Each structure stands twice: as C-alpha cells, then as structure tokens.
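Hi,

Here is the structure I promised to pass on.

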Amino acid sequence: MATILAAVIGLVATLSGNRQLWGDEGTYVAMTASLVEDQDLVFGERDLDRLERHRDDPAPTVILQETGRGVTYSKPMLYPLLSAPLFAVMGEAGLVATNILTLAAALALTWLFLRRLGTGQDALWTLLTFSGASVVLVYLGWRMSDLALLALTLAGLVLALGGRVLRIDNQRVTLPFGGLGAAVVGGLLLGSAVSMRFTTAALAAAVVLALLLDKRWRRGVVVGVLAATGFLAVSGMTVALLGTANP
C-alpha cells in the first residue's frame, strides 16, 4: 500500500504542474478558468490572453464550437462547474484536487456498502484492487473529466441500488442507503454522469431495469425519474452557458 501511495503522490506532483494547454485537458482547464474569472464559457479576449500565457512550442490549443452564444468551448460543462470552487482557491491544481476529492467520496460510499457484505478489510482490499489494478489512479493527475465521471457513476450506483435485504451465512443483512432519499441522490448522480458521457445512459437504464426486475418498483421509478431530471437539469445549464445542449 505504501508503494501505491508513493507512486500516486509522485504521479500527481508530476502531472499537476503548469503544463501546456492542449486538447481535452487544456480545454477543461481553460473552461474552468473562464467560469471563475469571466463567469461565462464564451471564448473572448480574456480567454485568448490566458492561452497566450501558456504559449510554448507547439502553441496551446483548446476545442471550440460556434453556438447561439457565439464561440464557446466544446466540452461538457459539469466537470468545470465542479472544479470551479477549488480552482478559485488553488488555481489549476484545483482540478486535480477535485479529482482526488470526488474519487475519495465515491470510494468511501462504496466501502460503506461493501463492508456489509464482508469484513471492513475485505472491502478495503476490494477497493484497492479496483483502483490499483486499473487506470483509476493514473488519471488522478490529469485535469480532465474522467475521474469525476467515474466518481459520479460509482456513487450513483451504490446509492441507487442500496437497501436490499440479503442472506449471507444464514444471517439477514440489510445493505446501507435503503431509504428513498438515497435513491433520489443516486438517480441525480447517474443522470449527471449521462450528461458528461451519453453512453453512460446504458448503465443508468440497466440500474432501473435491475430494480424493476427485482420487483423494487418504487425505487426503480424514483431512480429513473431522478436520473432523467438530473440529465435535463445539467442540459439546461449547458444551454444557458454554452448555447447548446450537446457540446
């Protein structure tokens, strides 16, 4: 575990510096700066000046589009919106801090869920394996939306599916997050994740279908309705800030 932590700290320190703005990562950094400093996502003179301060060889680039608002950034806006508070305090490192905090929160919820199925140590090693044997830790230092998407989806799954009564070793075990409040939050998180990557809709639909097949009718309907509500809410904010629902 110490080796993993040392590797993660080194990776984050290496990747979280003032690197060149380019491609997806550069676009998310520029979007967050625009939200914090200009209170909009329109690409204007101040945005161009910020790009110039990053000039290197080759020149910095961001991904733009033409919408009803003018020339705007062309990436989903939820990640910059989540990162804006820490960006205002920490600068560009705030995006990395957002990655760490959102992932830690999702893993903590998952640990609370898994520890009912076994020991706390089993739950911990499951999460360490999930994180360390995949690309999760690699993305900590990248200032992009991938980890926020993972965190929203994972937390949404745990909250949406919680509460089932199981029989383990001849004992009845009730999983946490069984109330409808958890289902509401889980549905909203899943819908928000869909706004970041539309293919996540298949996973959200699978959660609703699983609940309905398990005859958990009320929970399935709540999760489905709130997932749609979360998606529409973020889409509405996207239209307001970018001038299009599909950047």
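How far does helix 5 reach from its first C-alpha to its last? One thing to keep in mind before the answer: this is a predicted model. Helix 5 has 22 residues and spans 31 Å between those two atoms, close to the 32 Å expected at 1.5 Å a residue.

Quite a few of its residues are buried, among them Leu95, Val96, Leu103, Leu107, Phe113 and Leu114.

Next, the aromatics. A pair of rings is described by the distance of the centres and the angle of the planes. The count here comes to three aromatic pairs, and I'll go through a couple of them.

- Tyr28 and Tyr79: the ring centres are 5.4 Å apart and the planes are at 85°, so this pair is edge-to-face. Tyr28 belongs to helix 2 (residues 23-38) and Tyr79 to helix 4, so the pair ties together parts that are 51 residues apart in sequence. Both Tyr28 and Tyr79 are buried.
- Phe198 and Phe231: here the centres are 6.0 Å apart with planes at 75°, so this pair is edge-to-face. Phe198 is in the loop between helix 8 (180-196) and helix 9 (201-213), while Phe231 is in helix 10 (residues 217-242), so to speak a link between distant parts of the chain, 33 residues apart. Phe198 counts as partly exposed at 42% relative accessibility, and Phe231 counts as partly exposed at 26%.

Back to helix 4, which covers residues 78-90 and includes Ala88. Is Ala88 buried or exposed? It's exposed, because its relative accessible area is 53% and the cut-off for exposed is over 50%. Ala88 and Ala33 are 55 residues apart in sequence, yet their C-alpha atoms are 8.3 Å apart in space.

Last, a bit of sheet. Strand 3 (residues 165-168) and strand 4 (residues 171-174) run antiparallel, joined by four bridges. Across that pairing, Val165 stands opposite Thr174 of strand 4. The two strands make a hairpin with two residues between them, and Asp169 in the turn has a positive phi of about 50°.

Cheers

Definitions and conventions. Residues numbered from 1 in each chain as written. Predicted model: local features only at pLDDT ≥ 70, side-chain atom pairs only at ≥ 80, totals over all residues. Heavy atoms only, no water. Expected span 1.5 Å × (residues − 1). Buried < 20%, exposed > 50% of the residue type's maximum accessible area, 1.4 Å probe, protein only. Pairing = 2+ DSSP bridges. Phe/Tyr/Trp six-rings, centres within 6.5 Å; stacked < 30°, edge-to-face > 60°.
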